[in-house]
Amino acid sequence: MEPVKLGLLGLGTVGSGTVNMFHRAGVEIERRAGRQIVVTRAAAQDLSKPRDCETRDIELTDDPMSIINDPDIQVIVELIGGYEDARDLVLAAIRQGKHVITANKAMIAKYGNEIFAEAEKHGVTVAFEAAVAGGIPIVKAIRESLVGNHIQWLAGIVNGTTNYILTQMRDEGWDFQTALDEAQRLGYAEADPTFDVEGIDAAHKLTILASIAFGVPLQFDKVYTEGIAGIGREDIQYAEELGYSIKHLAIAQKTEEGIELRVHPTLVPHRRLMANVGGVMNAVMVYGDAVGRTMYYGAGAGSEPTASAVMGDILDVVRSLSAGPDNRVPYLGFQLGSLSSVPVLPMEAIETAYYLRMEVLDSPGVMAAVTQILAELNISIEALLQKVPEPGQDTVPIIMLTHRIRERQMNEALYRIGQLEAVQGKIVRIRLEYFDE
Ligand code: NDP
Ligand code: HSE
């Protein structure tokens, strides 16, 4: 059989990892695929840049369209990133009848509905395992292995950069910027690291996970998104004292009213596996009605862990070249014509527990005023920590954990507490999940 020829768009962190993997494991890959697979052409922006992989046998270009238009290339691997340019390239490849593999969660979350519809029309495959949680085969697990389940919720640490930053701040006492600089140096961060820090990257991934878990269209614009910039080292420390770790979680949950889609820092009890996922590692917990709780753990970013997922897709696509596109797994796990229109809930309707930290004047009656507001709104307190004032300070921090309530109630409480004269500055609110059921 003729070798399958691949064209790589992008030769950065993931692109070079993919080439390196071909050099190291090419023979093994050929044995698994049943035919030879070769990267014949690759595109990058700056051809004079040194590469982290051997490119002697690859024809390089700075014009990705020339690869897409090359009739010898059957499969395009898109590893450029970004929204519009990547979408245009992928759509052009699909219209040329080429199969596409991508690690680009931004593009899939925003334009996936359009891309999949176009791919259906042209009878080609678009594979995107590397787009969610780096090297963890979570797309395959949900879309194929758990099909006997109604998935009720999933929750995950799906951004390696933010997990790395929070871990280094807690374990090494690094400040935020030092940890971010190091994550960038290690190739974990997005080209624009605000995507990581502000939770946008995690929201892209959650969009994809929710669709394949619940059979709904991709709805990135409906994800409530909060990043880690508001988390101080003192919050990490207080949470630890109370028996919790702060993790940046992406949560999708089916309720009777609709679907919750939310990304935000979350307190997780130390006893939970999720609280112990450190560094660049990712973990996704999926709750199915038949299987119960399952958890998937592994490197969430980095050159070869991500290339590992890209390679899995390459093999699937190459095998499908013999099987035919009609035999492939549906993109979102359900046939595109049978997606459900269950609504995504507004954030005020979700229910969770909370950590609150506020600076208050060190005077009598303040605590009573705060707790009275909470009592009036039916919010009960699970734990309370009051610190002694620092020398020369006239305010003290109060830290509280609440029971589960609606976000709407908490918004009202924070508004009313914020009106108290004794409360100084902004109240820190971090959501808390127990994962008990
Ligand atoms: P990099 O920035 O390291 O690499 C991007 C590559 O694309 C570079 O080689 C760049 O060229 C090339 N490129 C950019 N624009 C063009 C263009 N217009 N024409 C031709 N080439 C272009 O990104 P990553 O490898 O980190 O990420 C690639 C994709 O994988 C992104 O979608 C990202 O979100 C995703 N991803 C990344 C992970 C990671 O750990 N890094 C993990 C999971 C997914 P040049 O080198 O010359 O600048
Ligand atoms: N910037 C992303 C992260 C890369 O840190 O998780 C992996 O998708």
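Predicted model: local features only at pLDDT ≥ 70, side-chain atom pairs only at ≥ 80, totals over all residues.
Residues are numbered from 1 along each chain as its sequence is written, and chains are lettered from A and ligands numbered from 1 in the order in which they are written.

**Ligand 1**

- There are 24 residues around ligand 1, and Asp 46, Lys 49, Arg 51, Glu 190 and Gly 302 come nearest, where a residue is near if one of its heavy atoms lies within 4 Å.
- Polar contacts (pairs of N or O atoms within 3.5 Å) include one between an oxygen atom of ligand 1 and a backbone N or O atom of Thr 13, at 2.9 Å, and another to a polar side-chain atom of Glu 190, at 2.7 Å.
- Ligand 1 taken alone exposes 900 Å², of which the protein buries 83%, with accessible areas from the Shrake-Rupley method with a 1.4 Å probe.
- By class, the shell around ligand 1 holds ten nonpolar, nine polar and five charged residues, where Ala, Val, Leu, Ile, Met, Phe, Trp, Tyr, Cys and Pro count as nonpolar, Asp, Glu, Lys and Arg as charged, and the others, Gly among them, as polar.

**Ligand 2**

- Of the 13 residues around ligand 2, those that come nearest are Lys 105, Gly 160, Thr 161, Tyr 188 and Glu 190.
- An oxygen atom of ligand 2 lies 2.5 Å from an N or O atom in the side chain of Lys 105, and a polar side-chain atom of Lys 205 lies 2.7 Å from an oxygen atom of ligand 2.
- Taken alone, ligand 2 exposes 260 Å², and the protein buries 93% of that area.
- Helix H6 (160–171) and helix H9 (200–214) are the elements that give two or more residues to the shell around ligand 2, helices being DSSP runs (H or I) of at least four residues and strands (E) of at least two, numbered from the N terminus.
- The shell around ligand 2 divides into four nonpolar, four polar and five charged residues.

**Aromatic pairs**

- The structure holds eight aromatic pairs, which are rings of Phe, Tyr and Trp (its six-membered ring) with centres within 6.5 Å, counted as stacked with planes under 30 degrees apart, edge-to-face over 60 and tilted for the rest.
- The rings of Phe 116 and Tyr 331 are stacked, because their centres are 4.4 Å apart and their planes are at 5°.
- This pair links distant parts of the chain, 215 residues apart, with Phe 116 in helix H4 (residues 105–122) and Tyr 331 in the loop between helix H11 (303–323) and strand E13 (351–361).

Key
Heavy atoms only, no water. Polar contact = N/O pair within 3.5 Å; in protein donor to acceptor, adjacent residues only side chain to side chain.
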